[in-house]
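Welcome, and thank you for taking a look at this model. Have the sequence and the 3D view open side by side, and we will walk through them together.

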Amino acid sequence: MNKSLHHGHPLLRVEKLSIQNFRSGGEDSKILDEISFDVFPGEIVGLIGESGSGKTISSKAILRMLPHSMKITNGSISFKDTDLLSLNDRQYEKFRGKSIALIPQDALHALNPVQKIGTQVAEPFSIHGDLTKKEKKSKVFELFSRVNITNPENRYDNYPHEFSGGMQQRALTASAIALKPPLIIADEPTTALDVTIQARIVDLIRNLSRELGISFLFISHDLGLISNLCDRVYVMRYGKIIESGNTETIFKTASHPYTLALMNSRPKLLENPHRLTTIEADNGYKRSDENGTKAIIVDPKAGSTNQASRLSNKATSNHESKVLFEVKNLSKTYSNNGFFSKKNYQKALTNVNFKLALGENLGIVGESGSGKTTILRILLKLTPYKEGSVDFSGKELNEIRLEQLKDFRRNVQPVFQDPYSTFNPRFSIKSSLELACKLSPDKNESRVNSEVKEMFNLVGLDQQLLHSFPHQLSGGQRQRAAIARALLCRPKILLMDEPTSALDVSIQAQVLNLIKDLQAQFKFSIIIVTHDLPVVSFLCNRILVMKDGKVVETGETGTIIKSPSHDYTKNLIQSVPI
Amino acid sequence: MKRINWKKFGLVTFSLPLVILIIMIASMAEYVAPFDPYFLDVMVMLEGPSEKHWMGTDELGRDVFSRIIFGAQVSLQVGVCAVLVGLTGGVFVGVLAAYYGGYVDQILMRFMDIVFCFPAILLAVILMANFGTSIFNAMLAIGIIFIPGFARLTRAITQTVQRQAFLEAAVCLGLPGHKIIFREILPNVLGPLLVEATVAFSYAVLLESALSFLGLGSQPPEPSWGNMINIGRGFIDQAPWISLAPGLALFFTVFIFNLFGDGLRDILDPKLNE
Amino acid sequence: MWKIIAGRLLSFVPTIIIASMILFLAVNVVPGSAARAVLGIQATPQAIKRFEHKHGLDRPLYIQYADWAGKAIKGDFGTSFQNSVAVGPEVAKRIPVTILLASLAFGIAILIAVPLGALAGMRHQKMSDGTITTLATLFGSTPNFWLATLLIYLFALKFGWFPTGGYVPFQDSVLGSLKSLCLPAISLGLVSSGLLIRIMRAAVIETMESNHIDTAISKGVGPRRLFFSHVLRNSIIPFLTVGAVEFGFLVGSVVIIEDVFRIPGIGSLVLVGIINRDYPVLLAASMAITLIVLLVNFLADLSAQLIDPRQVKNVRN
């Protein structure tokens with residue numbers, strides 16, 4: 001799909017738009033700095049950027065749904081021939097839904113939970129027209145079929161919680177196309193959805209654009225999605241448009257370092273470089289919230305860089321093949337216990353088997369509900385298990401107590417998904433890190449201080465941040481600190497639950513590189529749980545694919561990805577954009 | 001580094017000086033009050049507000065203003081003690097229920113829920129009838145009534161904290177149980193508890209006055225806002241100030257402390273810290 | 001739907017039983033006081049012993065409770081210690097009065113709270129929000145017995161618009177009845193409205209911050225439709241549940257207000273029972289109040305569950 005020609009008049013023209021945030025009691029900040037972009041009839045335009053780039057604010061400005069503190073200080077927005085900024089609020093109401101519609105972010109919370117789906121999808125008709133109830137209903141049925149919602153009679157009367165995430169997104173799409181608006185803004189419509197569902201939503205949008213001739217402004221941080229779907233692309237950073245052009249052209253001849261880094265900072269499914277390209281913090285492209293983060297230096301004491309670069313994704317023969325974890329026939333059933341409610345059983349895991357030896361890295365992949373997080377929690381001894389056996393270094397987890405428990409804890413450390421709740425907000429980072437030292441093998445009080453400082457340095461954080469409180473650090477910084485905390489007691493294995501999912505793409509790359517570098521230095525194994533296949537490909541030599549609590553496929557990462565045997569694995573691989 | 005939103009300190013800045021003023025007046029009643037609250041002067045019974053007696057005199061010739069100041073002492077004392085009793089009991093039960101979960105939690109909270117259902121005044125009145133009418137018993141009775149509320153709050157927050165990653169990280173670091181409670185859970189519970197305690201304090205002051213009003217709290221001639229209002233009722237058309245003045249003091253005190261609690265809530269509300 | 005109702009009823013019954021036990025315990029914590037209250041301070045130990053034996057107060061507590069509960073279920077609440085009149089009928093006579101008063105008061109509270117709370121919520125962080133919130137704090141901080149005294153002074157004594165107390169039965173004169181309940185209802189309702197304003201405001205704010213409001217706006221929904229179809233409907237549910245708790249506070253406060261205005265409801269009966277240490281009366285009246293509160297909470301929870309489609313689903317499965 002290569003619509004690179006501009007057909008005359010643009011549908012939407014944003015010219016030199018500037019928006020400022022006026023905060024009472026704080027600094028004012030520039031959100032958008034003279035942004036200009038166009039959308040022509042019949043095309044799909046992508047706005048790509050990380051958080052803070054201003055892409056979502058741009059879409060809100062077009063719909064006049066900016067938060068109260070933000071004001072447009074310059075520029076114009078015109079649709080067809082109307083100057084949108086000159087309209088009053090009443091006129092704008094007539095505009096929304098009819099001329100420009102929105103498919104919102106976060107499908108799971110964007111529908112009114114106490115109103116029927118049918119009513120909500122029919123709402124545009126109720127506002128902008130004069131149809132009878134019957135007519136509205138039949139229109140809704142039409143829309144349902146366009147977005148592939150089957151069984152329209154029943155589905156009309158359902159409430160949002162009776163729809164899956166993907167179906168909720170389709171319902172939102174349905175109400176957006178209801179009045180066949182010339183332009184639809186899709187604001188990150190696939191976040192919070194599983195990978196396989198994401199792919200289907202993208203297909204849906206493509207089809208709708210073709211069938212109904214609707215233009216789309218597609219906003220995302222996911223390069224892969226954008227390159228799949230959009231005809232033209234604008235790359236945004238810090239409220240400015242850095243680069244723009246046809247999708248194909250951009251991806252072949254991107255000139256701006258940021259765009260290049262964005263493209264290359266994502267790990268690939270196969271043939272990953274040893275280190276991902278990142279926007280190094282001290283290269284002049286420092287993010288405003290990354291003050292205090294420095295480029296990572298591989299510790300010269302740990303061995304030459306040679307050794308680090310030789311660390312391929314194979315288990316090195318230097319290490320004994322000592323088995324760390326051995327899981328046999330592990331099953332886990334959750335029941336809700338209550339005096340007054342009927343017991344509800346949910347089987348989270350069924351007969352899971354795998355082994356992990358020292359020096360190996362395992363990636364557990366699956367979508368939500370696959371049970372992957374449950375496995376991790378059981379391995380961490382956070383969740384109990386009754387059926388099956390889990391061994392750590394030959395000892396059954398359920399039988400580890402007291403002194404052995406201390407050993408276990410020292411050797412098995414977690415890194416959690418949510419960087420924002422991973423530190424106790426009431427204590428400084430230093431204080432929280434010192435806690436970890438209490439576990440380390442040599443409990444020397446005097447060395448605690450220097451140990452903490454050294455580790456902090458190694459994860460690329462500035463000493464001044466040590467004395468700060470968690471809320472003063474960015475997400476990426478907190479995650480680095482969390483890794484430091486985990487490594488302070490020199491564990492044999494790190495268990496990570498989606499450690500980079502909550503981070504921006506450029507920061508993800510930094511943290512992934514960090515993990516690799518630290519592995520080279522401290523020689524720990526990792527088990528990483530994620531939905532993100534390329535990450536597994538980058539970090540792990542072995543992979544375990546889960547679906548609905550069962551192991552679907554397992555083996556060497558490269559082999560599985562090149563030739564998957566199970567259908568589900570194939571599906572997962574195909575859903576990865578690019 | 002994130003910016004601080006100064007607006008959220010507004011209410012506290014406004015109410016804190018008044019709060020401190022009230023506390024100081026009450027604690028230094030002996031020095032602030034112009035007259036002895038028990039001093040009878042039969043020459044000036046039922047006199048309206050004047051230069052000498054700012055809020056007039058009551059039916060026994062006592063200076064109303066002085067009695068109001070000493071009444072503040074009673075009210076604040078009961079308030080503080082009741083809240084302390086409620087906090088101790090409530091936090092203990094709440095943390096226990098959340099920490100152990102399962103049946104312990106279910107049984108404890110069911111019990112708390114039922115006690116919570118009783119109208120506070122009803123319970124207070126019944127308990128006072130049993131314990132005997134005195135200030136100390138009022139503290140105890142009101143404190144007991146507060147326990148379920150604090151227990152519920154503590155439990156809810158503890159459960160929220162238990163879901164946070166840092167708590168699980170602490171477990172994985174091998175932190176022993178008591179350290180987890182005192183380092184990870186309690187400091188995060190303190191904030192909302194403080195807000196609740198302030199509101200409970202105001203309510204305790206109100207309850208104590210209500211009890212005295214009904215004749216079940218402090219007894220005359222002890223100066224307490226509640227019984228002053230009650231006795232004043234009998235003289236309402238001749239000398240309305242006997243009832244209305246202490247009531248105004250009560251109203252003002254409760255209002256200021258409630259504003260202070262609102263202010264604290266503004267400061268501690270995590271949303272406003274962005 | 002009937003499944004939900006049945007399920008709720010199932011947990012309601014034990015609640016009532018446990019509540020009655022707690023009440024019974026609370027009333028009987030200190031032994032001996034009943035006898036002394038009735039017979040006077042001069043009573044001899046023998047007289048006290050005889051009194052206690054006559055009324056079965058010397059038996060172990062659990063037997064007393066079983067006895068009382070057994071009779072209570074059949075409607076027999078014993079006779080007053082003071083005057084040997086049957087307690088049951090007296091309580092039954094007074095219940096409608098209290099319910100009328102409480103309903104009027106709550107009605108006033110809702111009438112004030114819903115519009116003000118919704119306004120504050122919609123204008124969050126603007127001037128009107130702060131003003132209304134402060135007003136809510138003001139209302140909630142008002143001591144109801146003082147307000148009652150003030151109202152009597154102004155509107156009954158000075159202006160003479162309302163009686164200073166007493167109750168005109170509904171059957172006799174509707175207008176007179178309402179007039180006699182007006183000041184008491186305002187004393188109760190105004191204070192309750194303080195908390196209710198906050199609850200409504202909080203519910204509206206939370207709704208306004210939900211993503212689905214943005215979705216609605218993006219479809220072109222205007223302010224009026226937004227408020228009535230989206231905000232109000234979603235805010236009512238939490239308002240109901242918490243509002244019911246406030247109703248509990250209100251009903252408890254009738255104990256004071258009925259005393260001030262000399263209204264013959266259950267509240268004043270509780271007080272009579274306390275002052276005279278008249279246990280059967282106290283127990284029955286307290287039980288009645290508690291029952292009303294529990295019932296209202298039960299109905300509110302039930303309605304919330306039935307209205308909220310998310311709850312209905314859980315049972316359908």
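Predicted model: local features only at pLDDT ≥ 70, side-chain atom pairs only at ≥ 80, totals over all residues.

Chain A holds 20 helices and 20 strands, and its contacts with chain C involve 27 residues of chain A. Chains B and C also touch, with 35 residues of chain B meeting 38 residues of chain C.

**Chain A as a whole**

- Chain A has 578 residues, and 44% of them count as buried.
- Its domain assignment lists three entries: domain 1 covers 1-99 + 181-265, domain 2 covers 114-180, and domain 3 covers 418-491.

**An open sheet in chain A**

- Six strands of chain A form an open sheet with mixed pairing, in the order β6-β7-β8-β3-β9-β10.
- Which strands stand at the edges? They are β6 (100-103) and β10 (240-246) of chain A; each has a single partner strand, so one side of each is left without a neighbour in the sheet.
- On average, and with direction ignored, neighbouring strands of this sheet are turned by 20° against each other.
- Within the sheet order, β8 and β3 are written side by side, and β3 (residues 44-48) of chain A runs parallel to β8 (residues 215-220) of chain A, joined by five bridges.
- To find this pairing in the view, look for A:I48, which stands opposite A:S220 in β8(A).

- β11 (residues 323-335) and β14 (residues 387-392) of chain A pair in the antiparallel sense, with five bridges between them.
- β14(A) and β15(A) make a hairpin with two residues between the strands, where A:S393 takes a positive phi near 50°.

**Backbone details in loops**

- A:K80 is not a glycine, yet its phi is positive, about 50°.
- Where is A:K80 found? A:K80 lies in the loop between β4 (70-79) and β5 (82-83) of chain A.
- A:K80 is partly exposed, with 14 other C-beta atoms within 10 Å.
- A:R490, another residue other than glycine, has a positive phi near 50° and sits in the loop between α16 (475-487) and β17 (493-497) of chain A.
- A:R490 is partly exposed, with 16 other C-beta atoms within 10 Å.
- In chain B, a cis peptide bond joins B:P220 and B:P221, with omega about 10°; B:P221 belongs to the loop between α8 and α9 of chain B.

**Two helices in chain B**

- The axes of α3 (residues 64-100) and α4 (residues 102-117) of chain B come within 7 Å and cross at roughly 145°.
- The crossing of α3(B) past α4(B) is left-handed.
- From α3(B), the residues in this contact are B:V93, B:L96, B:A97, B:A98 and B:Y100; from α4(B), they are B:G102, B:V104, B:D105, B:L108, B:M109 and B:M112.
- By class, the residues of this contact are nine nonpolar, one polar and one charged.

**Where chain B meets chain C**

- Elements giving two or more residues to the side of chain B that touches chain C are α4, α5 (120-131), α8 (177-213), α9 (225-233) and α10 (241-268) of chain B.
- α10(B) gives the largest share of that side, 10 residues.
- That side of chain B divides into 26 nonpolar, six polar and three charged residues.

**Where chain C meets chain A**

- This contact takes 20 residues from chain C and 27 residues from chain A.
- On the chain C side, α1 (2-27), α9 (211-218), α10 (223-260) and α13 (309-316) each supply at least two residues.
- The largest share of that side, six residues, comes from α9(C).
- The side of chain C that touches chain A has four nonpolar, 10 polar and six charged residues.

Methods. Residues numbered from 1 in each chain as written. Chains lettered and ligands numbered in written order. Contact = placed C-beta atoms within 7 Å. Helix = DSSP H or I, 4+ residues; strand = E, 2+ residues; numbered from the N terminus. Nonpolar A, V, L, I, M, F, W, Y, C, P; charged D, E, K, R; others polar. Axes fitted to C-alpha atoms, helices over the stretch in contact; angles between N-to-C directions. Left-handed = near helix turned anticlockwise from the far one by under 90°. Domains from an automatic or database assignment. Buried ≥ 20, exposed ≤ 12 C-beta atoms within 10 Å, placed from the backbone. Pairing = 2+ DSSP bridges.
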